[in-house]
Amino acid sequence: MRTIDWIDGAIEIIDQTALPDELTMLRLENFTELISAIQRLAVRGAPALGVAGAMGVALIAADPRYAGAEEPIRAAAKLLLEARPTAVNLSWGVKQALRELPRGSDAVLKRALEIRDTELANSLAMGARGRDFIKNLIRGPVNVMTICNTGGLAAVEYGTALSVVRSLFDDGALGTVLTLETRPLLQGARLTAWELKQLDIPFHLIVDSAGPFLLSRGGANVVLIGADRIAANGDTANKIGSYSLASAAARLGIPFIVVAPESTVDMSTSTGEEIEIEDRGSFEVTSFAGKRTAPEGAETINPAFDVTPVELITALVTESRVVRFGMGDSLAGL
Ligand code: MRU
C-alpha cells in the first residue's frame, strides 16, 4: 500500500494520525485540505512531503478557480511550501512541479507522478546500497538503533533508514532493531513499531532517553536515521533526539549513518546553523494523549528537529552514493 498517491484527480494518503489503531485513507481534494494534513502530520516524513508538495501543486494547477492563471497558482503554492519549514523535500517538490507550470496543469501532474515513482525507486536503491555498505562495516548480526519513522509511511513505500533495515532483514544479516518511541508525537511507537510488526522484523521499543545508555550496553552496533535537510557541509537536521544518539555513538565508536535521498540534500544551505527548526508549540509537551501533564501556564520549547554536526556522522547513504564523512568525503560535486 502506498503512503501517498494520486487517484482520480485527488491526493490519497494513509492517515498517519490514526495509526496504529486504524489503517485509513484520506482523500485530499484541494490544497487547503493538504496543508492541514501536512500540519497535523497526517502525511509526514521528508520523501512523502516531497511527493505531497509536487502533487499539491498539481491540485492547485488543475483547480478551475485559478483558470490556469500563473500568479494565484504560485501564491497558493507558496502557502503549501511554507506548511512545514524544516524538511527541504516539501519545498523541493513544490519547486520541481512549479517549473512545469508554463507548460500547463497536465505537465505539472506528470512531473508530480514522476517524483512519486522516483522516490519509490530511490527507497529501494537506498535499501540495497545501505545494506551493502553496512555489511562491509559490521561483521556478524547487524543490530540497529533508530529514531522516528523512516519507513514506507515516511516515503511512498519502503522508506529511507527503514528500507535499509528491511534489506538487511531480507538478507538474513539483521539481528534486531531498537526503536525509540520519539516523544512527543510518538512516530517511533505508533508508526515504526507498527511497520516492523507488519514486516515481522524483530524489535524492541524503548523510551527516547534509554537510547544512549542502551548503546553503551551493546544494544546496537549501528545507528541509522533519516534526514529532513542536509546542509552543504553535511550537517543533518532530523527528528529531535538524533543529536543525542549521534553524540553517544561517536563517544562509543559506533557507526552513525544517515539514509536519505539526494532530494534531502540542500546545497543552498551552507551549514546546519542556517536550518530553520520547526517549533510545534506547547500542547505536545504539556499533555499526553490529550490529557494535561504539566501545570497550567508552563512555558515550553518544542523543537521538532535537531541538527547533528557532520563530525558525528560516519556516512550518508543516498540512492546514488555513499558519502563517508568520517573518511573525509564531502557532498561537493552533487
Ligand atoms: O515530524 P516528522 O514526523 O515529519 O519527522 C520525520 C523525521 O524526522 C524523519 O526521520 C525524516 O523525515 C526522515 S524520513 C524518511
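Helices (H or I, at least four residues) and strands (E, at least two) are DSSP runs, numbered from the N terminus, and E181 lies in the loop between strand 5 (174-180) and helix 7 (187-198). This is a predicted model, in which local features need pLDDT of at least 70 and side-chain atom pairs count only at pLDDT 80 or more, while totals for chains, interfaces and linings use all residues. Residues are numbered from 1 along each chain as its sequence is written, and side-chain values use heavy atoms, with hydrogens and water left out.

- Leaving aside its neighbours within four places in sequence, E181 is in contact (heavy atoms within 4.5 Å) with L186, Q187, G188, A189, L205, I206, V207 and D208.
- E181 and Q39 are 142 residues apart along the chain, and their C-alpha atoms are separated by 20 Å.
- Most residues other than glycine have a negative phi, and most peptide bonds are trans.
- T182, which is found in the loop between strand 5 and helix 7, has a positive phi of about 75° although it is not a glycine.
- P184 has its place in the loop between strand 5 and helix 7, and a cis peptide bond with omega of about 0° joins R183 and P184.

**Another cis peptide bond**

- L19 and P20 are joined by a cis peptide bond with omega of about 10°, and P20 has its place in the loop between strand 2 (10-14) and strand 3 (25-28).

**Helix packing**

- Two packed helices are described by the angle between their axes and the distance between the axes; here axes are lines fitted to C-alpha atoms, for helices over the stretch in contact, and angles run from 0 to 180 degrees between N-to-C directions.
- Helix 1 (residues 31-39) and helix 3 (residues 70-81) have axes that come within 10 Å and cross at roughly 15°, which makes helix 1 roughly parallel to helix 3 (angles under 35 degrees count as roughly parallel, over 145 as roughly antiparallel, 65 to 115 as roughly perpendicular and the rest as oblique).
- F31, L34, I35 and I38 of helix 1 make this contact with A76, L79 and L80 of helix 3, and the residues of the contact divide into 7 nonpolar, no polar and no charged (Ala, Val, Leu, Ile, Met, Phe, Trp, Tyr, Cys and Pro count as nonpolar, Asp, Glu, Lys and Arg as charged, and the others, Gly among them, as polar).
- The axes of helix 3 and helix 4 (residues 88-98) come within 9 Å and cross at roughly 160°, and the two helices are therefore roughly antiparallel to each other.
- In this pair, R74, A77, L80 and L81 of helix 3 make the contact with L90, S91, V94, K95 and L98 of helix 4, and these residues divide into 6 nonpolar, 1 polar and 2 charged.
- Helix 5 (residues 105-137) and helix 6 (residues 161-170) have axes that come within 7 Å and cross at roughly 60°, and these helices are therefore oblique to each other.

**Around the ligand**

- For K239, an N or O atom in the side chain is 2.7 Å from an oxygen atom of the ligand.

Methods
Polar contact = N/O pair within 3.5 Å; in protein donor to acceptor, adjacent residues only side chain to side chain.
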